Amino acid sequence: MIALTTIQGILLAVSIVGGVGLIIGIMLGIASKVFSVEVNEKEQAVREALPGNNCGGCGYPGCDGLAKAIAEGKAGVADCPVGGAPCAKAIAEIMGVEADVVKKVAVVHCNGDCEKTKDKYNYYGNESCVDAVSIPGAGAKACSYGCLGLGSCVKVCEFDAIHIENGIAVVDRGKCKACGLCAKTCPKGLITIEKFDSSYFVKCKSKEKGKPVMDACEVGCIGCSLCEKTCNFDAIEMVDNLAVIDQEKCKKCGLCAQKCPRKTIEKVN
């Protein structure tokens, strides 16, 4: 009798455990269906095609964010500035579209190096433009719009494509991936991302006019409008005393650079 009772108890325990296991299994199966995340195969394929730098130059939170945006049609197949043409072509094939890739490069709009511009005082502090710009006068440079040359842009570049030479930032066009991190970091907005085949740029951001510019820098734009009057293609206009070139209209004739009395307009390629 005792043996029979023991066997019954074991069988009961096994039945209970088995029943609980069956119920849990059914619940997990239902939960997996209810809470399952649909996998976007295109998104996964795009993510694998991206370089994985997670630099944020595309404007999205890393490569995962860009892959999702591309798969949803919210971003273009060529929006990864690091991957370039090969990456854009691979993603275009995944998405079944044509890749319209325009190579770009960072451009520093300042030529006020140590020999061409003056300092108001000697700066002693963190080697950071972001820190120095908060000092009265926006830094030690006599031109409050000019490059401080303390290398904040250099520190964020993952491609060794920008360096400080003679007091100003200089871009290595061969290494630049146009990710835009340097442009986002520059506290004075001196760096822009432009089409690689654009030729002439105003290497100045000063909004001053005439004598104040001449007193601060040898190559600053003085707002004389001579370049605007010279251009036969309506590609230059004066904005806040500063010449601005419309790269879409510019025909690369070079007349503006030739006429500029301050040599502020420079050919970069």
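On a 1 Å grid over the protein atoms alone, a cavity is a set of points where a 1.4 Å probe fits but cannot get out, whereas a pocket is an open set with protein on both sides within 12 Å along at least five of seven lines; lining residues have an atom within 4 Å of a point. Grid points are joined across faces, edges and corners, and a volume is the space filled by probe spheres set on the points. By this rule there are 5 cavities of 30 Å³ or more.

The model is predicted: local features need pLDDT of at least 70 and side-chain atom pairs count only at pLDDT 80 or more, while totals for chains, interfaces and linings use all residues. Residues are numbered from 1 along each chain as its sequence is written, and side-chain values use heavy atoms, with hydrogens and water left out.

**Cavities and pockets**

- The largest cavity holds about 110 Å³ of space.
- This cavity is lined by 17 residues, and Cys129, Cys147, Leu148, Cys153 and Cys186 are the closest to its centre.
- Its lining comprises 12 nonpolar, 4 polar and 1 charged residues, where Ala, Val, Leu, Ile, Met, Phe, Trp, Tyr, Cys and Pro count as nonpolar, Asp, Glu, Lys and Arg as charged, and the others, Gly among them, as polar.
- The largest pocket has a volume of about 440 Å³.
- Of the 19 residues lining the largest pocket, Cys80, Pro81, Val102, Lys104 and Lys177 lie nearest its centre.
- The lining of the largest pocket divides into 11 nonpolar, 3 polar and 5 charged residues.

**Cysteines**

- A disulfide is a pair of cysteine sulfur atoms within 2.5 Å, and the count by this rule is 0.
- The sulfur of cysteine 153 has its closest cysteine sulfur in cysteine 129, at 6.1 Å, which is too far for a bond.
- Cysteine 153 is buried, at 8% relative accessibility; buried means under 20% relative accessible area, exposed over 50%, and partly exposed in between (1.4 Å probe, protein chains only).
- For cysteine 204 the closest cysteine sulfur is that of cysteine 221, at 5.7 Å, also too far for a bond.
- Cysteine 204 counts as buried, at 7% relative accessibility.

**Nonpolar cores**

- A nonpolar core is a set of buried Ala, Val, Leu, Ile, Met, Phe, Trp, Tyr and Cys residues joined through side-chain atoms within 4.5 Å.
- The largest such core has 38 residues, and Leu50, Ile70, Ile91, Ile162 and Ile191 have the most contacts inside it.
- At least two residues of this core come from each of α3 (62-71), α4 (84-95), β1 (104-108), β3 (168-171) and α7 (181-185); helices (H or I, at least four residues) and strands (E, at least two) are DSSP runs, numbered from the N terminus.
- Helix α3 gives the most to this core, with 5 residues.
- Another core, of 15 residues, lies apart from it and includes Leu242, Ala243, Ile245 and Ile265.

**Alanine 49**

- Alanine 49 lies in helix α2 (residues 41-49) and is partly exposed, with a relative accessible area of 25%.
- Leaving out residues up to four places away in sequence, alanine 49 touches Cys87, Ala90, Ile91 and Ile94, contact meaning heavy atoms within 4.5 Å.

**Positive phi angles**

- Alanine 138 is not a glycine, yet has a positive phi of about 60°.
- Alanine 138 sits in the loop between α5 (129-132) and α6 (152-156) and is buried at 18% relative accessibility.
- Aspartate 234 also has a positive phi, near 55°.
- Aspartate 234 is in the loop between α9 (226-230) and β6 (236-239) and is exposed, with a relative accessible area of 54%.
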